[in-house]
Amino acid sequence: MKNLIFKKYLIFALLFLSILVSYAYVLNGDFIGDDVDRINFNHQLGSYKEVITGILADRPLLMLYVATIYQAFGMNSTMFHFFSYVLHAFVAYQLFLLLTELIGKKLTNENKSVPVFMAFLFALHPLNSQAVTTSIQAGVLFSGIFGILSIRYFFKYLEAQSNTNFWLSIFFFLVGVLAKPNIFFIPFFFFFGFHMLYRIKEREWTFLGLTAAVLTIPMGYYFILGQNQQTHELNPIQYFLVQTQVVFTYFKLMILPYGLKFLYDFSVPKNIFWNWNLLYLLGHIVLFFGVYRKLPSKLTQLMWVGFYLTFLPESSFFSINHTAFEHRTYFSLIFLFLLLGLLISEKLNEVRKPIFQLVTSFILVIFVLVNQSRNLEIKRWGDWAVHTLQNSTQYTYTSFMLSFYLLRAGHFDEVGPILENYKKIGLVAHDMDILDDIFGYYKNPEKRAEYFTKFSDLMLKRELVPYSRFTLSKIFLDDFSNVENDLPKAADAAYVLAKQLRIYVRLQDQYFTSIFGFFVVANRLLVDEYRNEFKKYDMYKYVVVKLALYLYYNKEYPELGEELQAAIKNAKSEFDKEDLTFMYDQYEKKRKSLEKTI
């Protein structure tokens with residue numbers, strides 16, 4: 001017994017060491033991808049209360065984990081990466097245990113190495129690079145651990161209907177959902193598991209009902225609280241059709257994991273009744289049922305069903321545009337290696353065993369080498385961003401934001417040709433002109449005053465695309481820090497940022513929190529230190545800034561009501577008067593609510 005436990009610990013240790021070797025080059029690499037906004041610039045990480053109610057509130061376990069690492073080690077990317085490696089090793093180890101249990105009594109000297117090799121293939125598969133090296137994707141790793149644990153105890157329950165296995169399966173599913181709801185397919189897998197392997201009785205319906213009830217947690221975040229509703233510009237039918245092509249792309253990357261990149265973009269079918277994606281759909285139907293009929297057992301058929309179920313939309317219950325990301329294949333790879341492990345274990349004998357081990361070892365070496373190639377592309381944020389832009393086939397939100405950040409960092413030579421290429425292919429995008437202006441703003445410092453005025457006019461228009469508004473707000477914050485001693489210009493910058501708050505609140509935009517952070521930093525200084533001068537400079541702009549601080553920062557300004565009424569009386573235009581009246585009504589509501597709490 002002790003020897004068996006030692007071997008299991010040894011397998012985990014070897015899995016971790018192999019992962020550490022495979023990703024050693026990026027252990028001290030930069031934060032990349034979603035890490036930038038969700039970790040590196042996330043001001044909520046210092047408070048557990050704020051972090052579980054702020055960005056990604058639908059993933060409280062993940063954000064508690066991120067906040068804990070931050071509070072223990074600071075903004076240290078090395079520690080974030082290290083713990084991701086540990087989590088990934090745990091997932092691979094759980095895969096090893098689950099496959100060993102599924103093979104069960106059929107485990108022999110000939111096939112006992114199969115679960116070990118499948119675990120290593122999963123651990124080192126290059127397609128998992130994004131989930132492992134992007135620290136915020138620890139949510140995927142956690143849901144992998146607890147998702148497999150839930151499935152393990154589900155199968156234990158099928159063997160022996162004990163209360164312990166019943167409740168542990170549900171509990172681990174719950175914890176996994178709190179890390180990231182990408183495992184919301186599991187209740188469907190359980191349903192097929194009962195249906196295909198075991199007759200569903202009254203208690204089994206209770207089990208399915210309880211696991212389905214767990215899904216009300218993320219649904220509540222999305223549908224009731226409106227948390228983390230990611231981009232969903234496509235209608236459901238378009239999204240489904242795009243996914244038929246996306247899944248085949250995932251298949252290709254699983255078999256031949258080369259040409260990896262941050263995101264994969266696809267064309268959206270304009271005619272939902274006549275398009276190439278219908279052929280992809282037909283291909284999936286033929287592939288699914290063709291393979292299903294050829295599989296030798298109910299258990300392998302269930303794994304095949306589970307493999308397809310994992311491709312349900314992962315990050316939210318809404319479509320996420322016409323893009324695909326490698327980390328969404330994480331659980332798909334788990335089921336793929338479970339299926340392959342079951343099939344190989346049934347065919348392996350003394351003759352085939354050394355061939356299997358030799359071929360698998362060769363593939364593992366190839367995987368490690370491919371990971372080194374990918375590591376070179378992603379260690380530094382600038383290299384990762386340029387690689388992402390150069391390998392994007394379409395213009396997206398990500399293209400815009402990465403171009404902005406690179407221009408802000410002075411990468412004109414890399415971004416210039418990319419922008420020119422967009423024009424050559426005849427790209428028409430509503431914000432391309434803005435990106436051209438941003439390029440000119442950073443490339444030509446002597447013309448920044450001219451661009452500043454242009455950006456001011458743009459930002460006061462409500463139809464501005466949200467991420468363009470977010471980007472220009474960053475520029476304004478930079479400008480504000482450079483013009484603190486120039487009161488008219490500083491006042492203009494403060495006023496424009498204050499107006500962004502008004503627009504963001506009315507639109508209920510997802511960027512409000514970030515813009516608010518910029519605004520407070522800039523405008524507290526302006527109002528507190530230059531109050532008299534600013535008030536004389538322009539009463540309307542002064543009260544807009546001051547009111548925004550009052551409404552969103554809860555800072556007391558006793559004289560604000562009188563100043564608002566005076567500004568309404570002396571408004572220069574009907575628009576100013578209407579806007580100030582609206583703001584005064586909000587001020588009164590806020591003041592009365594504060595009085596009730598005192």
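I started with His 387, which lies in helix H18 (residues 381–390); helices are DSSP runs of H or I, at least four residues, numbered from the N terminus. His 387 counts as buried because its relative accessibility is 14%, buried being under 20% relative accessible area, exposed over 50% and partly exposed in between (1.4 Å probe, protein chains only). Leaving out residues up to four places away in sequence, I found that His 387 touches Leu 260, Lys 261, Arg 374 and Glu 377, with contact meaning heavy atoms within 4.5 Å.

I noted that this is a predicted model, where local features need pLDDT of at least 70, side-chain atom pairs count only at pLDDT 80 or more, and totals for chains, interfaces and linings use all residues. Residues are numbered from 1 along each chain as its sequence is written, and side-chain values use heavy atoms, without hydrogens and water.

I then checked pLDDT, the predictor's confidence in each residue, from 0 to 100. The chain mean is 82, and 77% of the residues reach 70 or more. Over residues 314–319 the pLDDT is below 50, yet this stretch has 29 contacts in the model beyond near neighbours in sequence.

Next I looked up Val 365, placed in helix H17 (residues 352–378). Val 365 is partly exposed because its relative accessibility is 49%.

Phe 12 and Tyr 93 have ring centres 5.9 Å apart and planes at 75 degrees, so the pair is edge-to-face (Phe, Tyr and six-membered Trp rings pair with centres within 6.5 Å; planes under 30 degrees apart are stacked, over 60 edge-to-face, the rest tilted). Phe 12 is in helix H1 (residues 2–22) and Tyr 93 in helix H5 (residues 77–103), 81 residues apart.

Technical notes:
Helices (H or I, at least four residues) and strands (E, at least two) are DSSP runs, numbered from the N terminus.
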